[in-house]
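Morning, everyone, and thanks for coming. Let me put the model up, and then I'll walk you through a few side chains.

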Amino acid sequence: AIGSIAERSPTAAAGALTHLPAGAQAPCANEIANNWAKQNYADAKAWIDRLPAGNQESARFHALQGLIESNPKAAAQELTAQTSTGLQHNLATSLARTWAQEDPRAAAEWLRTPASQSIQSLAAGPVVEALARKDAHAAWQLVQGMAGSDAYDPSLAAYIRTQSQESHDRLLELTNGIRDDATRGQTIALIMSRQSANTPQAASSLQPDADPK
């Protein structure tokens, strides 16, 4: 009920919140924060600052989720400037996925100048994947721009995932650039799975040679 009220009038929902049992206030505050942020993030933020201290972090998380849905660019600015490291890590992927689907080029530009390496690393995969589906060349340039950073592995893996029309030999060659063993292994497994689906006999050719005995 509070959520429905918040969609129509966040201030009315906030007023009703005080009449709820203490145990029900935190989840309802999250609903209010989410809906309010979609309409007016500044007002939502000011209201959250007046909540009991124990409810504020969760309400900020839900408010930023609402802002991501309504205005990803503003959410990116807020995420890097005004929030805790924990919120940044929890929301970076969601922001990247939403923004990249809406405007992959704008998301890519943001990815090039992130406020932190950790945000860049978490956001790289969704942004590169969305951009590559529209402009593979631009996505490849973005991947190369990540070289030397923690974002390079997830960005390269994401690029490879989109290149289903590329030859398997070329894709396997590209996986050599992935430094993390787990990420490289997962990416190779995907390539092999695709090859198996297309030509089952050829999949065996992608298996590494057994060690000589």
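Arg 161 counts as partly exposed, with a relative accessibility of 29%. I'm calling a residue buried under 20% relative accessible area, exposed over 50%, and partly exposed in between, with a 1.4 Å probe and protein chains only. A word on what you're looking at: this is a predicted model, so local features need pLDDT of at least 70, side-chain atom pairs count only at pLDDT 80 or more, and totals for chains, interfaces and linings use all residues. Residues are numbered from 1 along each chain as its sequence is written, and side-chain values use heavy atoms, with hydrogens and water left out.

So what does Arg 161 pair with in a salt bridge? Its partner is Glu 129, at 3.0 Å from N to O. The pair links distant parts of the chain, with Glu 129 in helix α9 and Arg 161 in helix α11, 32 residues apart. Helices here are DSSP runs of H or I, at least four residues, numbered from the N terminus. By salt bridge I mean a side-chain nitrogen of Lys or Arg within 4 Å of a carboxyl oxygen of Asp or Glu, and by this rule the count comes to 11.

Glu 129 is itself partly exposed, at 21%. Glu 129 also forms a salt bridge with Arg 133, where the closest N and O atoms are 3.0 Å apart. Arg 133 counts as exposed, at 56%.

Is Thr 162 buried or exposed? Buried, at 12%. Leaving aside neighbours within four places in sequence, Thr 162 is in contact with Glu 129, Ala 132 and Arg 133; contact means heavy atoms within 4.5 Å. The Thr 162 side chain also reaches the backbone oxygen of Tyr 159 at 2.7 Å.

Now over to α9, which covers residues 117-132. There is a kink of about 45° at Ala 124, shortly before Pro 126; that bend is the angle between axes fitted to the seven residues ending there and the seven starting there. Several α9 residues are buried, among them Ala 124, Pro 126 and Val 127. Val 127 touches Leu 111 and Leu 142, among others, not counting residues up to four places away in sequence.

Last stop, helix α13: Asp 181 and Arg 184 both lie in it, 3 residues apart. They form a salt bridge, with the closest N and O atoms 2.5 Å apart. Asp 181 is exposed, at 56%, whereas Arg 184 is partly exposed, at 23%. Thanks, all!

Methods. Helices (H or I, at least four residues) and strands (E, at least two) are DSSP runs, numbered from the N terminus. The expected span of a helix is 1.5 Å times one less than its number of residues. A polar contact is a pair of N or O atoms within 3.5 Å; within protein, one must be able to donate a hydrogen and the other to accept it, and residues adjacent in sequence count only if both atoms are side-chain atoms.
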